[in-house]
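Open the model in a viewer and follow the stops below in order. Each stop gives a selection and then what is found there.

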Amino acid sequence: MPRSHRSGNNYAPLPPRPPRILAPGVTTNQQYHLTGSMDIPSGLSNKKIAECHLEFIDFENNNHCVLRLTFLHELEDDTPYAPFGTRGVVLDFEGVTQQDSSTSGELMLCTFGYDGPHRRSLHFSQIPMGRNKTVRDCVGIIRDSGLVPCNFDHLNGNLVGCRDFISQLVYRLNENTFLRLPDNANTVYNRFNYEYNNTPQPYNRQLSPVSYAIFQQAYRHTAINGINYATGPRRFLP
């Protein structure tokens, strides 16, 4: 019905807002492959990063570590590359195809829209960022470093190597000023020396040597100060 203003004039009601129409192909979780040469949409590549977090997640009663980049500004509309409310991207090194003595790995760039730690998070800690960095900067460092392709190794029926891979990723991002680790960088790298669980702190972790991932032989693997590596030789991709 018409609305009456205090001046005495009548106004027709405003029409209802049209329903939000999702951009073509948008879902709640977009994934982009970084192992190959897949293009990252420019809208996503140009997003500025405000925060970086290292997170250990409970995956089938094992630890799985990821690196999470939070945008300076979350998306305020649907886009072809990520939906409304997207807060950032997760760098997730995933196992794909099981082989005789290893499992092929795929580095994924996955959008996320939740706030705070993942619902299965076991450990969540911030890593200082460089200034005015974008998703494009991160992707460029990954591809220029030779980190991928890379495989998981097998140990006692489990996949191992994600802590080695993500710690190498942190090292390369810091080396290229995407991250700004403190002078005592061991305070960051020491977090990789543990497996985490759901018991109350400070009893929610136990020491566990970092098992090697299987990189290309040409990759310049760095034995990072502060990380306790498992004994034994490193293996390389054929």
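**Stops along the chain**

Start by selecting Pro 202, which lies in the loop between E11 and strand E12 (205-207). Helices (H or I, at least four residues) and strands (E, at least two) are DSSP runs, numbered from the N terminus. The peptide bond leading from Gln 201 into Pro 202 is cis, with omega near 0 degrees.

This is a predicted model, in which local features need pLDDT of at least 70 and side-chain atom pairs count only at pLDDT 80 or more, while totals for chains, interfaces and linings use all residues. Residues are numbered from 1 along each chain as its sequence is written, and side-chain values use heavy atoms, with hydrogens and water left out.

Next, select Pro 149, in the loop between H2 and strand E9 (150-155). Here too there is a cis peptide bond, from Val 148 to Pro 149, with omega near 5 degrees.

Move to Asn 132, in the loop between strand E8 (121-127) and H2. Its phi is near 60 degrees, a positive value in a residue other than glycine. Most residues other than glycine have a negative phi, and most peptide bonds are trans.

Now show helix H2 (residues 135-145) together with helix H3 (residues 162-175): they pack at an angle of about 110 degrees, with their axes 10 Å apart. Axes are lines fitted to C-alpha atoms, for helices over the stretch in contact, and angles run from 0 to 180 degrees between N-to-C directions. H2 and H3 are therefore roughly perpendicular to each other (65 to 115 degrees). For the contact (heavy atoms within 4.5 Å), select Cys 138, Ile 141, Ile 142 and Ser 145 in H2, which meet Leu 169, Arg 172 and Leu 173 in H3. The residues of this contact divide into five nonpolar, one polar and one charged. Ala, Val, Leu, Ile, Met, Phe, Trp, Tyr, Cys and Pro count as nonpolar, Asp, Glu, Lys and Arg as charged, and the others, Gly among them, as polar.

Turn to the strands. E5 (residues 62-71) and E6 (residues 88-98) run antiparallel and are joined by four bridges; two strands pair if DSSP finds at least two bridges between them. Leu 67 stands opposite Leu 91 in E6. On to E7 (residues 102-112), which runs antiparallel to E6 and is joined to E6 by nine bridges. Select Asp 92 to find its bridge partner in E7, Met 108. A hairpin of three residues joins E6 to E7.

Key: Angles under 35 degrees count as roughly parallel, over 145 as roughly antiparallel, 65 to 115 as roughly perpendicular and the rest as oblique.
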